[in-house]
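Look at the structure below before reading on. The text then goes through a pocket, a core and a salt bridge.

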Amino acid sequence: MKYTLLAFMSLFVATTLTAQIEAPQPSPSAMVKQTVGLTEVTLEYSRPAMRDRDIFGDLVPYDKIWRTGANANSKITFSDNVMIAGKDLKAGTYAVFTKPGKKEWDIYFYTDHSNWGTPSEWDDSKVAAMVTVPVSIA
């Protein structure tokens, strides 16, 4: 009887430990929270795994709107009204979309942040702000 109970307990412990281990996601999610001045800024995103692929100009085509990240939409939240590159943006949560180009990127702050990926029908009225930034090699 003791052997059976011991074997059962070993099996239970091994199964429990195995069930709790989660393998890392191919495109891990992250959240960054920072206070800038008096404004709380939170960014939620999933980092796409390159896996020896060319991303920009291949997997992510140039001059087409991209969801900016992997998995669910990347989201940014501002606790107060902000100004980004001269554009006013009200406090709230926005999906971040980009249109990568070879020389510059357009960055869109989209009011509907509940999509998974790029919206099936892009609605310009949901663009709270759009800014264009030059490409620089990091």
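Which strands each supply at least two residues of the lining of the largest pocket? They are strand 2 (39-46), strand 6 and strand 7, where strands are DSSP runs of E, at least two residues, numbered from the N terminus. This is a predicted model, in which local features need pLDDT of at least 70, side-chain atom pairs count only at pLDDT 80 or more, and totals for chains, interfaces and linings use all residues. Residues are numbered from 1 along each chain as its sequence is written, and side-chain values use heavy atoms, with hydrogens and water left out.

A pocket is an open set of points on a 1 Å grid over the protein atoms alone, where a 1.4 Å probe fits, with protein on both sides within 12 Å along at least five of seven lines; lining residues have an atom within 4 Å of a point. The largest one has a volume of about 380 Å³, the volume being the space filled by probe spheres set on the points. Of its 16 lining residues, Trp66, Thr68, Val96, Thr98 and Trp105 are the closest to the centre. Strand 7 gives the most to this lining, three residues.

A salt bridge is a side-chain nitrogen of Lys or Arg within 4 Å of a carboxyl oxygen of Asp or Glu. The whole structure has one: Lys126 pairs with Asp112, with the closest N and O atoms 3.5 Å apart. Both residues lie in the loop between strand 7 and strand 8, so the pair ties together parts that are 14 residues apart in sequence.

Conventions: Helices (H or I, at least four residues) and strands (E, at least two) are DSSP runs, numbered from the N terminus.
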